[in-house]
Amino acid sequence: MAGEGAATGTFLRIDGVAKRFGDTNAVDNVSLAVGRGTFFSLLGASGSGKTTLLRMLAGFETPDVGRVWIDGEDVTEVPAYRRPVNMMFQSYALFPHMSVAENVAFGLRQAGMPAHERVARVAEMLALVRLDGHARRKPHQLSGGERQRVALARALALQPKLLLLDEPLGALDRKLREETQLELASLQRRLGITFVMVTHDQDEAMTMSDRIAVMEKGRVLQVGSPAEVYESPNCRHVAEFLGAANVFEGRVVGSRNGCAEVQCGEGPGLLRLPAATGLDDGSAVAFAVRPEKIVIASAPNAGANSLAGTIEEVAYKGDVSIVRVRLGDGRRLRVQETNTQRGVPAASRGEEVWLCWRPEDGAVLGA
Amino acid sequence: MKRGHAARTAFRLAAAPLVWLLVLFAAPFAVVLKISFAEPVVGQPPYTRLIEIGSAGWRLLATGANYVLLATDALYVEAYLNSLRVAATATLVCLLIGYPMAYAIARAPERWRNPLLMLVVLPFWTSFLIRVYAWIGILSTNGILNNALIALGIIDDPLPMMNTNFAVYIGIVYSYLPFMVLPLYATLVRMDLTLLEAAADLGCRPWQAFRKVTLPLSWPGIAAGSLLVFIPSTGEFVIPDLLGGPDSLMIGKVLWTEFFGNRDWPVASALATVLLVVLVGPMLVLQAVERRQEQG
C-alpha cells in the first residue's frame, strides 16, 4: 500500500480516519491524498474537524480508526517528536524565555546538530523570513507580523518533509495578511515542501492553495483545485461556503438544442443546463449560479437563461456593485456587476430588468 | 484639569500602601534600629537613651557594641548560619514536594482545580499553633507515629523524633508548604500548553519539553514560593521552640531569649536588624537578576 502511494506521487495519505470527542464525530471517515510539493488547504467553519485532522498529522491526536501515511511510512502511531513534520501554530507558540535565534535553533539543538552548522542554519532561516537583524530579540519585543515569521522560520529550520500551518495568518491584520498570503505561497513553491494549511477563510485558501478540501461536520465534502471547488461545487454547502451562490432546485422536464430543461417551481419557467450533465428526464436537480456570472440586461437573451425581475437593493463597493433582484415569484437573486465605466451606475433601485446567464454557467450540485 | 485629577487619583492610590508601609513597617523598624544602638540597663525602659541633653549641650551616646558582639560571639554567628541552613533545606524540601503538587493541580481537569486548591489552603482554617502542637502528638516517643510503626512491626523501640532537627524540618515543611504550592500553581496554570506541543513538534520527548520549557517558565513561581518559605522560616520561633531540641539553635529562639529571658533589648534589636539585612540581601540580588533577564 505504502509503495503504491509513493509511486503515484502521493506524499501524504489519510485513509478512513475518524476521531470522536465525547459524542461528537470531530473527524468522520476522512480519506485524502496529497501530492508531493502541493500546497493543500483544509477549509471549513469552526467545528468542521479541520484542526483535529491537522493535529493528527502532527501527532498530537491519534485517530480512533484509519491510518496516516507520510512519504510511504505509516505514522499513525508515531509520536509527534519523531515525525518528519513541523507545525506552525495559530498562536505561534514561540518560547517566551528564548530569543528569536534560540527559538529557531530549538529543533536543531534537539536534533543534535553541531554548533557551527546550527548557527549557519539559523542565519539562513532568519534571512529567509527577512528577520536578520532580530536574532537577539525576545518574542515579546516583536510585532505580530514578525512573530509570525519567527514561527515560520522555526518550523522550517528542521527542513521538514511536511509543514502544517494552523490558521497561519489569522492573527494578522487585513493588509499584512494579504501580503503574507502571496509571500507564503511563493515560499512554498521555492522550497518545494508539502504544505497542509487549515483555514476558515475561503479567500485565503483560494489565493494560496494548489488544492482545497472543503470540510463540514467532520467530513470532506469536496477536494479540488480552487477553480474546481469554486466553479464546480458538488453540493450546496460548498457552493455557499466559497463565495456567494444562487441555488435553483427543480426537475428535468426534457432536452432541447443540447441543453437539459429544468422546471423550477411555478415562477421562472424553464431554465437550461448543459446536456453534458447527463440528467435523465424527470430527475430532481439543483444547480448554482455565481453572482458574477449573471448579466443585467434590458431585454431577454434568446441563447441564455433569462429571468425578469425588479432591483431591490444595490450595494456599491467601488470596483463592483452587489445587486439584489426580486423575481416575479418572490425569489431573490444576487448579482455582481463590475463598474466598468466611471460615473455610470451598474443598476439602480426599482428598475425592471432581465437577468441572463449562459446554460453552461449553471453548476449542477450533488444531492 | 483632567490630568490633575488623574494624578491626584494615582497619588491617593499609591498613598494607601505607602502609609501602610510607613506605619506598620518603617516606624516600628526605626524604633528597633534605635534600640539596637543603646545599652541595656535595669529600669523602665530597659535601655539607655541615645541622646543626652545636659547643661553642656547634647551628647550622642549611641554604641555599636551590640553589633560587635553579634559578629564576634560564636553563638550568634552559629545561630544565624544554622537558621539559614535550616530555612534553605526546608525551602528545598518544600520545592521538591510542592512542585509536583502544584503541577498536578494545574494540569488537573478544570473542575478539580479549585477543590484541590481548597485542600491545600484548608489547614489555614486551624490555628497555626494548634497544628504545630498536633505534631507533638504525632512525633513524640509515645506518639501516633511511633505506636503505629511498632504496631506494624517495622520497629521494636520508639524512634526519638521529638526535639530533633528532623522534627523542626517536619514542622517547617508542613507549615509553609502552601506558600510554595500557591505561587507555583499560579505560574503553571497560566502557562500556554501549546508551547509543549511546539516542543514535541520540534523533537522533544515529554521530559525534555518539561526541562526546556516548563521548568524555565516556572522560574517566577519557584522564586516567589522559595522566598515565601525561606524568609519566614529563617526567623521561625514557634516551631523550633515546640518541636526542636535544645541543640536546634535558631535565630528566632535566640532573639526570644535575649528579649524575654535576658531582658537585653539592645542585643535583641541588633539581632532583628541583622536578620532583616541578611534576608533583604538575597531578595535584592534576585530582583536584579530578574530585571537583567527581562532586558536580555
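Chain B and chain A meet through 22 residues of chain B and 25 residues of chain A, where contact means heavy atoms within 4.5 Å. The model is predicted: local features need pLDDT of at least 70, side-chain atom pairs count only at pLDDT 80 or more, and totals for chains, interfaces and linings use all residues. Residues are numbered from 1 along each chain as its sequence is written, chains are lettered from A in the order in which they are written, and side-chain values use heavy atoms, without hydrogens and water.

The size of an interface is often given as the accessible area lost when the parts come together. Between chain B and chain A about 1,900 Å² is buried, and carbon and sulfur atoms give 58% of it; buried area is the accessible area (1.4 Å probe) that two parts lose on being put together, summed over both. Of the area that chain B buries against chain A, B:Glu197, B:Asp201 and B:Leu202 supply 36%, more than any other three residues.

B:Glu197 also takes part in a salt bridge with A:Arg55, with a distance of 2.6 Å from N to O between the side chains. The criterion is a side-chain nitrogen of Lys or Arg within 4 Å of a carboxyl oxygen of Asp or Glu, and by this rule one salt bridge crosses the interface. On the chain B side, the elements that give two or more residues are α8 (194-201), α9 (206-217) and α13 (265-295), helices being DSSP runs of H or I with at least four residues, and strands runs of E with at least two. The largest share comes from α8(B), with seven residues.

Leaving aside neighbours within four places in sequence, A:Val196 is in contact with residues including A:Leu12, A:Phe40 and A:Leu164.

Some backbone features remain. A:Asn29, in strand β2 (residues 24-35) of chain A, has a positive phi near 50° although it is not a glycine. A:Asn29 counts as exposed because its relative accessibility is 51%; the classes are buried under 20% relative accessible area, exposed over 50% and partly exposed in between (1.4 Å probe, protein chains only). B:Arg263, likewise not a glycine, has a positive phi of about 50°.
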